[in-house]
Amino acid sequence: MRPSPTCRSLTFCRLIGLLICCWGNSATADLALLQIPDKPAPGTTPSEKVPQCRVTLKLTETQAGQSRIVPGMLRIRDSWGNPIPLPGLLARGTGVNSSPESEQAGIHSWSVVPGEVQISVPQARLTFEAFSGLETELSRSEIDLTGKTTQNIALALKRFANLSPEYKTANTHLHLMKLNRQECDRYLNQIPAADRLDLVFVSYLERAIADKTYISNRYTKTDLQDLSRTAGVQFGWGEEHRHNSSGFDEGYGHVMLLEIQRLIQPVSIGPGIMKQGTDGIPLSRGIQTALADQATVIWCHNAWGLESTPNFLQGRVHALNIFDGGTRSTYEDSYYPYLNAGCRVPFSTGTDWFQYDFSRVYARLQKPLTTTTWLESLRAGRTFITNGPLLDLHVDGKSIGDQIELTPEQNSVRVQATGRGRIDFQRLELIHNGTVIKVQNTKPVQNHFEAQIDFTLETTEPGWIAVRTPSPSVPKDPQRQRQTPFNEYGRELFSHTSPVYLKWKGQSRFDLDQARAYLTEMQQNREKIASQFLFADPQERAAVLDVYSDAIEDLQSKLKSR
């Protein structure tokens, strides 16, 4: 943002004065004396020395003709474009590693407004920016506070979408560390509500020594129930059950066990994480215990881990978390192959450590929201994931998670899909059996962006249909470096629906090539584990290898029947 005309005039006068002075004293004046910075360094705005104005501020939203105060995010910039520090408010980037970019334009430039607040800001012309969750447009107002000691400000937010009556949104993967209990209570009371989440699962996990700082481990089910009554958000409890072959290398994998009756021990397996014991316990043992207790099982981190495939193929996983903790891989690598191999696995997501992004799962409910009803909807596949764009998909009137029967007499379906977002997500993509078959570019609509697809698909095979926005880049993959636009928290945009399934003459999709690829993968992983992992005795080795042998035998049987 350029300085005001008044600021430019003052700068010009100072420059002329220096020129006259230097010309009178020496014809060889040091030109360095004439260098006047055109913009202060980030975080050192000249407005800090300006007298302060005490502002009473609230964010409002009008629904059904009624205006109400809502929680949300606030950023205030000076005339140079630098964010104004707001120490009285909770920093949205609490716990998240910072950088100069994130402090200027990312998560660290935003503060939480939990309700009506009082803040001190410079008596100057300032730009106020605000939003609430993902369904409001960005509010931006220039307000001149010059010479004012107090001011009441109400920033009106406008919704461009309202999914709340039907869809409820959750973060399925959250841990917090290196905060004291009071700081953690404040974090959980304010940030999920301001991001407009309905439900958050706070999960227990262990790592030798480091877990002494895991403050979220100290919350019991009762604590989270109490928090649900004060925060305006429901909290669920779970466990991240996991194994690594060394400290952070790929082992059996990580899996969320949500709404468990008790901690399933050991929470973390093996010397790679716990610096003691062996690799002799498979994740499937803990998963089966959780399933017996009616818990929900969600694989983490884009199906990362050697044991993901046998557990998916054996039907022990209810959903797959994508991009929880970073863009480890793409949809094509980690999600589409399971769908093409016949697994009905819905999408899910979360943020892992702190809420560093908007990442969330929208699940369509037909019952009042509880952790139980929300997880039922997740398991039924009535979900889409996003950190920005809002998606909708209907196929012949059916919704996400539904199944459609196709026959030679009825071999076409009408696909209607919509994407809407505060940030320009560039395009909406229709996916059929893992391939993009239709693309629609976005267009601006007032202060947000939309794209719509209306397409008739003809097919003579079983499969699945989904809609997404472009996949974000994968930092460590040189072939996947194309970035998507960034959201307000400085993260690449993503969104993807779970599928609508298509049966053809009574058959579901089962791609033979993909099934054979999984067969080879499991055989190789079984050999790797047998030769490289640590076991106390042959019984431990057999307990782990049997997980792969059983899945291999079942898959071989399916292949023979085709």
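Contact means heavy atoms within 4.5 Å. The structure is a predicted model, in which local features need pLDDT of at least 70, side-chain atom pairs count only at pLDDT 80 or more, and totals for chains, interfaces and linings use all residues. Residues are numbered from 1 along each chain as its sequence is written, and side-chain values use heavy atoms, with hydrogens and water left out.

The protein chain contains 12 helices and 30 strands. Here, helices (H or I, at least four residues) and strands (E, at least two) are DSSP runs, numbered from the N terminus. The C-alpha atoms fill a box of roughly 95 × 60 × 55 Å along the principal axes.

Of the 562 residues in the protein chain, 54% are buried. Buried means under 20% relative accessible area, exposed means over 50%, and partly exposed lies in between (1.4 Å probe, protein chains only). The accessible surface of the protein chain is about 24800 Å², and carbon and sulfur atoms account for 48% of that surface. These areas come from the Shrake-Rupley method with a 1.4 Å probe; for residues, only the protein chains shown count as cover. Among contacts with a separation of 6 or more, 72% join residues 24 or more positions apart.

Charge was also counted. The protein chain carries 60 positive and 60 negative side chains, and the centres of the two sets lie 4 Å apart. Lys and Arg count as positive and Asp and Glu as negative, while His and the chain ends are not counted. Each charge is placed at NZ of Lys, CZ of Arg, CG of Asp or CD of Glu.

The protein chain is divided into domain 1 (52–157), domain 2 (161–386), domain 3 (388–508) and domain 4 (512–561). Domain bounds come from an automatic or database domain assignment. The centres of domain 1 and domain 2, taken over C-alpha atoms, are separated by 31 Å. Their contact takes 23 residues from domain 1 and 21 residues from domain 2.

Several residues were then examined one by one. Gly115 sits in the loop between strand S4 (111–113) and strand S5 (117–122). Gly115 counts as buried because its relative accessibility is 15%. Beyond its neighbours within four places in sequence, Gly115 contacts Leu57, Lys58 and Ile69. Gln104 is 11 residues from Gly115 along the chain, and the C-alpha atoms of the two are separated by 24 Å.

Thr169 belongs to strand S9 (residues 167–175). Thr169 has a relative accessible area of 2%, so it is buried. With residues up to four places away left out, Thr169 touches residues including Arg196, Asp198, Arg360 and Trp374. Asp198 lies in the loop between helix H3 (181–194) and strand S10 (199–204). Asp198 is partly exposed, at 22% relative accessible area. The contacts of Asp198 outside four places in sequence include Tyr167, Thr169, Val233 and Leu369. Asp198 and Ala170 are 28 residues apart along the chain, yet their C-alpha atoms are separated by 5.9 Å.

Trp374 is one of the buried residues of helix H10 (residues 371–379), which also include Thr371, Leu375 and Leu378. Just after H10, Gly381 takes a positive phi of about 80°.

Backbone geometry was considered next. Most residues other than glycine have a negative phi, and most peptide bonds are trans. His301 is not a glycine, but has a positive phi of about 60°. The loop between strand S14 (296–299) and helix H7 (308–313) holds His301, which is buried at 7% relative accessible area. Gln446 also has a positive phi, near 55°. This residue is found in the loop between strand S26 (443–445) and strand S27 (448–458). Gln446 counts as exposed, at 58% relative accessibility. A cis peptide bond joins Gln265 and Pro266, with omega about -10°. Pro266 is placed in the loop between strand S12 (250–258) and strand S13 (268–269).

Finally, Leu545 lies in helix H12 (residues 538–561). Leu545 counts as buried at 14% relative accessibility. Apart from residues up to four places away in sequence, Leu545 touches Arg526, Ile529 and Ala530.
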